[in-house]
Amino acid sequence: MPLSTQSQADDEQYVLVASLDNARNLSNLLKAITFKDHAIFSATPNGLKVTVEESKCLQANAFIQAEIFQEFTIREDSVGFQVNLTVLLDCLSIFGGSTVPGVSTALRMCYRGYGYPLTLFLEEGGVVTVCKINTQEPEEPVDFEFCSTNVTNKVILQSESLKEAFSELDMTSEVLQITMSPSQPYFRLSTFGNSGNAHYDYPKDSDMMELFRCDKTQTNRYKMSLLKPSTKALALSCKVSVRTDSRGFLSLQYLVRNDDGQICFVEYFCCPDEEYSCCGCLHLDVNGLLLSRRLEDVCCDVFDYLHLSFSPLCFQHLLH
Amino acid sequence: MDCVVTGGNVKVLAKAINSLSRIGDELYVEPQEEGLALRSVNSSRSAYACFLFAPLFFSRYTIPRGHTFRCKIAIKSVQAVFRSLATLEKTVEKCHIELDEQKNRLTFTLHCKHGLMKTHNLSFQDSESLQAVFDKDSYANVFRCNPRLLVDTVVHFPPSLEEVTVSVSDERMWFRNHVEEDADQSKAMLTELCLASEEFDHFGVKAHNGVTFCLKELRGLLVFAESTGLPISMYFDEPGSPVVLSLTDSVLEGNFVLATLSDDPNHRKNNPRRACTPPPPPPPDDFMNDDIDCYLIAMDTSIAPGPSGAGPPTPPLSDSLCSKPSAAANHRTRPHSEEEEDETADSGRPPNKKFCSLFFGSVLPASSQMTTQPVTSQQVLASDSEEDVQ
């Protein structure tokens, strides 16, 4: 293959060299997180992580482990840069992105370091294209502080059924409400649109439900516009893990099998819609009292173990 | 109201709703003892469709006791419940329709495979009764055929075609696209199809008439008929009298009633100048002098069930039509007594300016009570036989 005939000397100048026999293994995954122009690339000896963010409220990460690549060489502990994702995807499909079996675009991605462009060598059918994409100073991705120890509810579903629900969601609804509970309705997606509201309920014993671990009833709302891009990742995936933590932050993890059957992950983090979200233990409608998120956090800690039903009067007293 | 539809019938229900959506924007729901009636009418009231699902169509059918319940829902909302028709059969096991009168909500619950449950709570509005009274059995010409025949015929006409003319002789039926008289003859394309009587299951011609009606609305019925395979019966009489297309089987009955162009040259002359704003209602006397070419199909707009006795003469329908914002710009039919006196200029062009046969007669009380009070009397000007059930 022409790409591999490059001399060893060339390679030494690159801090990162990653090769794929089938560029689609990368481009398909990147398409699942392309909702903004720019992406932050972060490479470690474990592999490549590509991050896209939306107004600090939504973050999508695509993980491609080092083992997926035919060649993955990194000369530093961590390499980071930012590129225009749209341009990158255009380059990866520069040969037209045909789906003829047996024909694929080979990729060799090289990066010399800070200040240098990202160089892509693409080959298909003996034709080689070299693309150099300018890189930018990588922004620090938001740390959503979502740790597995703080996870209150987790379900793993087969993507098939979730795909159906997401394709039918009422887009006139501004929010998507997710309810997870150890009791009915177990796992529920709700929309509140122009014509009324709709609920999609998944029982915990459904054969689509691979794992159901919900300790506390939680209802959280997320802006529909933020979650919409995640449907691309859902379409590619075969399994989805839905987790919420005590703050109501949502983590969606998608298991994607690439063309060669290898497993990659795509992850979405989303902030709850501040105005509405509340955690199960304070699901009260006390004379129109609206809890702010900060107050919720405080109350969550204090009232974690209190029973759901206590009188409005008592609650008001506690707050003031 | 509490109904359950199971298995393949869910798809039939969804398809019926889809074909009603081709007629109007709102779905009128009325659970009756004879079955669940789903109806729709277009904004100019020149097309009406009704599907009646007998109690046997449902695995459970209970209606509100003690009072009649009627409502209307935006049809797009109901269509959203049955999205992805293709997978409906494979995924939906049953559909539960429940009414919550206190919260003004109609709940559709779809029980799907793998335990998935989809619940849609749709808000509705109370509505007046929507029921066209017509007597298709009295019409001169009756035909019955496999829906495939009509589908294959209609496919030859461009989707943009508004009207089609159907004319018959003893042995043949012709379908011709209708070209407006004032259209440029050199640019017009004329398509004509001829069907022999042998292609029909039943071909009963008593009068060699030709009627012109809107094709678009017919397509809605054809899609439904083709999927269910039920034979379509077509009834029509003189021009101006509506054409009725119906299909029946043991558990459902569908009727599409479409207005037809009247032959009266007087109307053709006046139509282009039809205004969008309502003319002043003529005195009640004129209503009795209606043009005989036009058969009136009285629309029962009373909230009280069933037709009541004849009341005092009533002013024409136009006022009520224009009180609805949607009808204002799109007038396709006007009461006859209006047309002779309609001198005001057109401020906007209705999509089909030539339809003038009255489809729904005026059954309104005096104008002072018009929009606020229920109608308690009506004058039925067609023979008073109700549409058959089954």
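Predicted model: local features only at pLDDT ≥ 70, side-chain atom pairs only at ≥ 80, totals over all residues.
Residues are numbered from 1 along each chain as written, and chains are lettered from A in the order in which they are written. Local features need pLDDT of at least 70 and side-chain atom pairs 80 or more, while totals for chains, interfaces and linings use all residues; side-chain values use heavy atoms, without hydrogens and water.

The model scores ipTM 0.76 and pTM 0.71. The mean pLDDT (the predictor's confidence in each residue, from 0 to 100) of chain B is 72, with 67% of its residues at 70 or more. Over residues 266-380 of chain B, pLDDT stays under 50.

Ten strands of chain B (DSSP runs of E, at least two residues) form an open antiparallel sheet, in the order E10-E6-E2-E3-E4-E19-E18-E17-E11-E15; strands count as paired if DSSP finds at least two bridges between them. At its edges lie E10 (125-126) and E15 (202-204) of chain B, each pairing on one side only. Within the sheet, E4 (47-53) and E19 (252-258) of chain B are joined by seven bridges, and B:Ala49 stands opposite B:Phe256.

Helix H4 of chain B (residues 147-154) is mostly covered, with six of its eight residues buried, that is, under 20% relative accessible area with a 1.4 Å probe, protein chains only. Helices are DSSP runs of H or I, at least four residues. Among the buried residues are B:Leu149, B:Leu150 and B:Val151. The buried residues of H4(B) pack against strands E11, E13, E14 and E17 and helix H5 of chain B, contact meaning heavy atoms within 4.5 Å.

Terms used: Buried < 20%, exposed > 50% of the residue type's maximum accessible area, 1.4 Å probe, protein only.
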